[in-house]
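Have the sequence and the structure open as you read.

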Amino acid sequence: MSAAIMEVNAEARRILAVSISKLYASRTQRGGLRLHRSLLLSLVMKSARDIYHSSRESEGPPVGGEQPSTEEAMDACSGCPGEANPGHREPQPEPESVEPAPEDPEGCDGEITEDKENRSPARQSRKRRGKASAAPDFLPSKRARLEPGEERYAAAPLGSCCRAGAVDSLSALSLNRVIPAF
Amino acid sequence: MAGPGGDMQWCFSQVKGAIDDDVAEADIISTVEFNHTGELLATGDKGGRVVIFQQEIENKNPPQFRSEYNVYSTFQSHEPEFDYLKSLEIEEKINKIRWLPQKNAAQFLLSTNDKTIKLWKISERDKRPEGYNLKEEDGRYKDPNTITSLRVPVLIPMDLMVEASPRRVFANAHTYHINSISVNSDNETYLSADDLRINLWHLEITDRSFNIVDIKPANMEELTEVITAAEFHPHQCNTFVYSSSKGTIRLCDMRASALCDKHSKLFEEPEDPSNRSFFSEIISSISDVKFSHNGRYMMTRDYLSVKIWDLNMENRPVETYQVHEYLRSKLCSLYENDCIFDKFECCWNGNDSVVMTGSYNNFFRMFDRGHRRDVTLEASRENSKPMQVLKPRKVCAGGKRKKDEISVDSLDFNKKILHTAWHPQDNIIAVATTNNLYIFQDKVI
């Protein structure tokens with residue numbers, strides 16, 4: 001991998017890390033999430049992701065064990081601008097920006113006359129799925145979760161919804177150093 | 001900088017606000033606006049307060065023309081609120097103040113926070129009634145048996161009292177955060193804009209408004225731009241513009257249709273590909289748009305520049321002024337410290353010959369359109385002796401720094417001038433630093 005490409009990679013990853021931490025921090029801001037700011041953050045993240053991916057493509061196939069995890073983290077990021085954008089249900093409470101996920105995205109199309117009263121218990125739960133369940137690792141989940149071998153952050157500078165563990169999949173991006181600043 | 005009668009220099013007139021370095025957040029000035037005559041100057045702050053200063057002219061004769069702005073009225077316009085449905089706090093910060101043209105003895109202004117617009121009446125009381133027939137001076141009613149004659153109360157002079165009262169509250173019409181309000185030239189309606197919608201109100205009607213622009217996509221995941229500012233044309237009551245986070249400005253004609261989603265004109269300059277970076281989208285986002293007083297031009301402010309557009313030419317601005325181009329190589333640091341998100345405003349002088357905008361280190365910039373000259377000045381306590389002439393400042397972008405120049409790395413990015421205003425007729429400017437308001441006047445040599 002050439003030095004220039006490595007530098008671009010590192011820069012892109014750093015900017016991604018900074019952007020994610022800003023997105024987290026803005027959730028606890030007075031006045032609620034700012035749509036304009038969130039949009040700009042997601043655009044920067046998208047640029048950084050695109051540049052990272054295009055520089056990786058130009059460098060060739062991955063060389064070591066470390067790469068797949070960062071790639072996975074970056075790929076998780078590919079959902080980011082969409083996920084991180086204010087339309088996403090989880091990070092924010094604004095109901096206007098929430099698009100309700102379809103009740104049963106896969107199963108409903110052909111089954112208009114399904115008997116909802118007498119569904120067998122083995123059937124898929126009625127809990128809404130859709131995009132919310134496809135949230136990438138590093139975005140906070142409402143379910144309590146502890147990454148194996150990781151402790152929770154003692155202080156919670158980001159508010160109660162955030163988990164250090166959830167963020168850890170990007171640990172290669174030195175996120176640990178960035179988060180405490182917020 | 002040349003003006004009528006020769007070179008113009010700016011000198012310090014007054015500074016308002018506390019002197020401490022420790023700034024209370026509530027005191028941070030968030031908007032500044034002269035009224036239509038320039039006699040009144042209103043400021044709004046993060047604590048939801050409005051302070052109005054009134055001009056008192058000491059010497060009417062040029063070139064010794066001098067005036068002073070003193071506090072006229074202070075009131076709490078907005079209070080913090082809580083939206084229980086969304087579990088969101090609504091900040092009391094005053095985002096914008098706009099004056100209504102004066103129609104009678106009282107003054108009216110619109111002030112807005114993120115969600116609610118209020119119409120305030122500011123009126124003077126300098127007389128009070130005295131000599132009631134049936135009441136004592138303290139308001140207690142007299143025993144009717146003691147009343148033997150009839151007298152009519154008379155109005156006697158009293159110390160001037162300025163009262164501010166909320167006359168209308170325009171609430172519950174914005175889901176997103178209000179960024180602009182603009183009074184129409186018809187003096188009956190005004191618009192309010194949030195990130196995705198623009199509403200048209202009648203000043204007398206508070207329980208409903210018309211939505212005239214809605215750019216919310218059906219699927220929020222497809223959102224690519226938001227509305228950043230909006231303004232009515234100064235003379236054409238059917239025309240308004242709104243700017244976007246993508247650097248475009250749309251001019252809309254309300255006669256064309258009720259919903260102005262389809263613009264009449266789209267002003268956009270193609271991006272210079274050599275300037276492309278991670279932050280291109282952020283720095284192209286327009287933070288302010290202002291029509292010229294004559295209504296032929298409009299000015300937009302993005303992060304690094306000010307652009308003047310001719311309303312008859314959509315494909316590029318007629319003039320572009322670089323405010324602080326030396327920051328282009330620092331965008332990454334400015335992103336990290338959040339400065340890249342700062343929203344600078346801009347303003348025209350009375351005859352549209354000069355435009356002004358703020359920068360960092362308490363610098364502000366003026367661009368003389370006619371003479372193609374620009375100047376950088378500083379609002380600071382060090383230069384605040386009465387009538388002290390402001391010395392032009394210069395930032396050294398790189399290389400050898402000359403004496404009196406300041407290097408980019410020494411700039412204080414916490415000292416930013418986001419809000420400035422120019423008196424509608426005279427060369428008097430109001431420049432807001434974090435928590436101080438500086439007033440400068442011209443000095444004709």
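Let's start in chain B, where B:Arg372 sits in the loop between strand S27 (363-368) and strand S28 (373-378). Helices (H or I, at least four residues) and strands (E, at least two) are DSSP runs here, numbered from the N terminus. A word on ground rules: this is a predicted model, so local features need pLDDT of at least 70 and side-chain atom pairs count only at pLDDT 80 or more, while totals for chains, interfaces and linings use all residues. Residues are numbered from 1 along each chain as its sequence is written, chains are lettered from A and ligands numbered from 1 in the order in which they are written, and side-chain values use heavy atoms, with hydrogens and water left out.

Most residues other than glycine have a negative phi.

| Residue | Phi | Loop between |
|---|---|---|
| B:Ser87 | about 50° | S7 (81-83) and S8 (88-90) |

B:Arg372 is exposed, with a relative accessible area of 64%; exposed means over 50%, buried under 20%, and partly exposed in between (1.4 Å probe, protein chains only). S27(B) and S28(B) form a hairpin with four residues between them, and B:Arg372 is in the turn. The two strands pair in the antiparallel sense over six bridges, where pairing calls for at least two DSSP bridges between two strands.

**A four-stranded sheet**

Chain B also has an open sheet of four strands in the order S21-S22-S23-S24, with antiparallel pairing. Its edge strands, S21 (288-291) and S24 (319-322), each pair on one side only. Strand S23 (residues 305-310) and S24(B) are joined antiparallel over four bridges, and B:Ile308 has B:Glu319 as its bridge partner in S24(B).

**Chain A**

Chain A has six helices and zero strands. Of its 182 residues, 43% are buried. Among contacts (heavy atoms within 4.5 Å) between residues at least 6 apart in sequence, 66% join residues at least 24 apart.

**Where the chains meet**

How many residues of chain B are in contact with chain A? There are 36, and they touch 33 residues of chain A. The area buried between the chains is about 3300 Å², with 60% of it from carbon and sulfur atoms; buried area is the accessible area (1.4 Å probe) that two parts lose on being put together, summed over both. B:Glu221, B:Phe278 and B:Tyr335 supply 23% of what chain B buries against chain A, more than any other three residues.

**Nonpolar cores**

A nonpolar core is a set of buried Ala, Val, Leu, Ile, Met, Phe, Trp, Tyr and Cys residues joined through side-chain atoms within 4.5 Å. The largest has 37 residues, and B:Phe279, B:Tyr303, B:Leu327, B:Tyr335 and B:Ile340 have the most contacts inside it. Helices H1 (3-26) and H2 (35-59) of chain A and helices H1 (280-284) and H2 (331-336) of chain B each supply at least two residues of this core. H1(A) gives the most, with seven residues.

Leaving aside its neighbours within four places in sequence, B:Phe279 is in contact with residues of both chains, including A:Ile15, A:Val44, B:Leu331 and B:Tyr335. Apart from this core lies another, of 18 residues, among them B:Val354, B:Met366, B:Leu390 and B:Ile417.
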